[in-house]
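Please look through the sequence and the model shown below.

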Amino acid sequence: MQAFGIPSNYGIENHGFQNTGNIYWNYASAGLIEEGIRRNEVALSCDGAVIAYTGKHTGRSPNDKFIVQYPHLEDEIWWGKINQPLSPHAFDQIYQKFLAYFQGRDLFVQDVYAGAHPNYRQTIRVITEKAWHNLFSRNLLIPIPVSQIPHTIPDFIILQSENFQADPKLDGVRSGTVILIDFERKIVLIGGTGYAGEIKKSIFTIMNYLLPRQGVLSMHCSANVGKNGDVALFFGLSGTGKTTLSSDPERQLIGDDEHGWSDEGVFNIEGGCYAKTIRLNPKYEPMIWAATNRFGAVLENVVYDPVSRVVDFDSDQFTENTRGAYPLSFIPNSLSQGYAGHPQNIFFLTADAFGVMPPIARLNYEQAMYYFLSGYTSKLAGTETGLGSEPQATFSTCFGAPFLPLSPNRYSDLLGEKILRHKVKVWLINTGWIGGPYGIGKRINLPYTRAMITAALNHDLDEVPFRQEPFFGLNIPLFCPGVPSEVLNPQYNWKDKQAYQEYARNLIAQFENNCTQFAKNVTKEVLATGPHL
């Protein structure tokens with residue numbers, strides 16, 4: 001065994017590793033790329049981006065995620081389909097299998113920070129079998145300064161191997177793929193999947209467990225800040241536009257996906273972006289295009305010409321969920337310190353596949369609580385295994401249920417308190433379909449969505465008259481700069497008005513059915529503000 005790079009004095013033997021191959025400690029991007037190419041893990045695009053393939057898993061595997069169950073966590077963890085319990089014995093058995101698997105194999109170790117604000121930072125050690133997964137981790141998290149690396153002692157460790165397979169019959173899990181989190185031992189095991197997003201979301205789950213216990217709201221949102229210090233948050237699930245809409249040349253990007261909101265303000269949990277690249281367009285998304293087409297970026301599951309190395313971002317040959325992972329520094333107007341003040345505006349993003357939600361609506365406090373707990377959108381193909389080719393309507397409480405280890409009320413109570421204290425305006429933005437459901441209508445033009453958000457941020461809608469649409473009780477503006485007035489009212493865009501009403505009633509019924517899960521924990525005013533048949 002030989003150690004290369006910049007090792008920590010707190011070595012991997014402290015995690016139980018023995019008799020490993022070479023260890024590549026905290027390699028910079030160039031070194032990881034060289035190792036990835038030497039090992040035939042990756043190829044380079046014509047612009048120097050790393051192209052990697054994740055095997056059979058091109059999205060998350062939520063049914064294979066487990067949390068270790070301890071008596072003192074029994075009443076704290078939000079147990080159920082999302083957070084399945086696993087015994088400490090079963091976890092230890094699989095952990096020992098991981099350690100045995102890595103014997104004789106080379107390891108890549110990356111020590112990084114999660115949490116841009118020093119008061120809420122966690123040190124994460126990511127140990128991977130492949131160089132490119134280590135590069136991904138370096139891109140997405142916050143590298144530790146070289147001078148501090150030797151003194152680094154991790155708060156959590158993550159072990160990841162695409163080729164490791166658990167034994168469902170012996171190990172008490174569902175399949176050979178495992179995503180296991182032990183909050184007591186502070187270890188995450190990821191095996192049987194090469195999808196790098198599992199590393200990212202496991203760290204987010206850790207922060208979603210730790211931050212609320214410190215009175216900090218952890219959020220599945222992007223964030224940016226204007227020239228006058230006004231912060232905006234964009235909540236939403238994958239594919240709803242968090243990365244795209246927060247990448248605004250007129251505003252500084254704080255982060256594109258995961259944040260904390262403390263008494264000091266908003267801070268990024270990550271140090272990079274993980275953008276969807278399917279049909280990426282340099283005209284509409286110039287900053288993301290530039291960031292993904294350069295040396296050091298990681299492109300997942302994209303199609304490219306083997307001779308010219310030109311990437312075909314329009315192709316979904318392997319998956320709809322093609323991705324680009326790059327450091328925040330690749331965005332020219334990103335906020336280097338990764339934190340700013342309190343938000344003035346919050347946007348809930350939904351990609352409504354039914355085509356009945358308004359493109360923009362202003363929410364009162366009770367509506368904000370209702371739609372935050374509802375977390376309605378449409379899952380887009382490829383972000384998880386098992387999804388078909390068409391979007392599916394879904395409700396993901398707090399716009400991030402798969403990553404919440406605690407009860408949703410812990411997060412909604414924190415959000416409500418902060419909205420009231422800081423007098424934040426809340427908006428619902430539909431980035432999905434208008435004029436009909438998926439397959440009949442069309443996706444709302446991105447320039448229109450940008451214009452609506454700009455109008456809200458610039459206070460251009462403060463004096464505009466609003467009307468309440470009849471189905472969801474949402475207040476929509478009569479006009480908005482840069483947007484045709486007929487676009488603002490979803491009914492106007494449907495040729496078949498009767499069909500619109502049927503689709504709207506169907507969605508309202510789904511809202512009513514979904515709200516039963518949180519009805520007993522919210523006020524009657526919040527329940528009353530939701531849509532009703």
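In what order do the 5 strands of the open sheet stand? In this predicted model, the order is β3-β4-β19-β22-β18, and the pairing is mixed. The edges are formed by β3 (43–44) and β18 (272–276); each has a single partner strand, so one side of each lacks a neighbour in the sheet. The partner joined to β18 is β22 (residues 323–327), through 5 bridges, and the two strands run antiparallel. Within this pair, K276 is placed opposite R323 of β22.

Helix α5 covers residues 197–210. Because 14 of the 14 residues of α5 are buried, the helix is largely enclosed by the rest of the structure. One of the residues found in α5 is K201, which counts as buried at 11% relative accessibility.

K201 also belongs to an annotated site. An unreviewed UniProt entry places the feature "binding site" at K201, H220 and D257. These residues span 57 residues in sequence, yet no two of their C-alpha atoms are more than 10.3 Å apart, so they gather at one spot. Of the three annotated residues, H220 is included in the lining of the largest cavity. D257 is located in the loop between β15 (252–255) and β16 (258–262), and with a relative accessible area of 7% it is buried. Apart from neighbours within four places in sequence, K201 is in contact with R60, H220, D257, E258 and F403. Under the same exclusion, the contacts of D257 include K200, K201, H220 and E270.

A further helix, α9, spans residues 408–422 and contains R410. R410 is partly exposed, its relative accessible area being 33%. Setting aside neighbours within four places in sequence, R410 is in contact with E76, P212 and R213. W427 lies 17 residues from R410 along the chain, and their C-alpha atoms are separated by 22 Å.

In soluble globular proteins, nonpolar side chains tend to be buried together. The largest nonpolar core here has 128 residues, of which L233, I346, F348, Y371 and F472 touch the most other members. Beyond neighbours within four places in sequence, F472 is in contact with residues including V356, M357, Y371, L507 and F511. A second, separate core has 23 residues, among them A232, L245, F347 and L457.

Note on methods: Residues numbered from 1 in each chain as written. Predicted model: local features only at pLDDT ≥ 70, side-chain atom pairs only at ≥ 80, totals over all residues. Heavy atoms only, no water. Helix = DSSP H or I, 4+ residues; strand = E, 2+ residues; numbered from the N terminus. Expected span 1.5 Å × (residues − 1). Buried < 20%, exposed > 50% of the residue type's maximum accessible area, 1.4 Å probe, protein only. Pairing = 2+ DSSP bridges. Contact = heavy atoms within 4.5 Å. Core = buried A, V, L, I, M, F, W, Y, C linked by side-chain atoms within 4.5 Å. UniProt positions renumbered as here; feature names shortened; annotations may be inferred. 1 Å grid on protein atoms, 1.4 Å probe; cavity = no way out; pocket = protein on both sides within 12 Å on 5 of 7 lines; lining within 4 Å.
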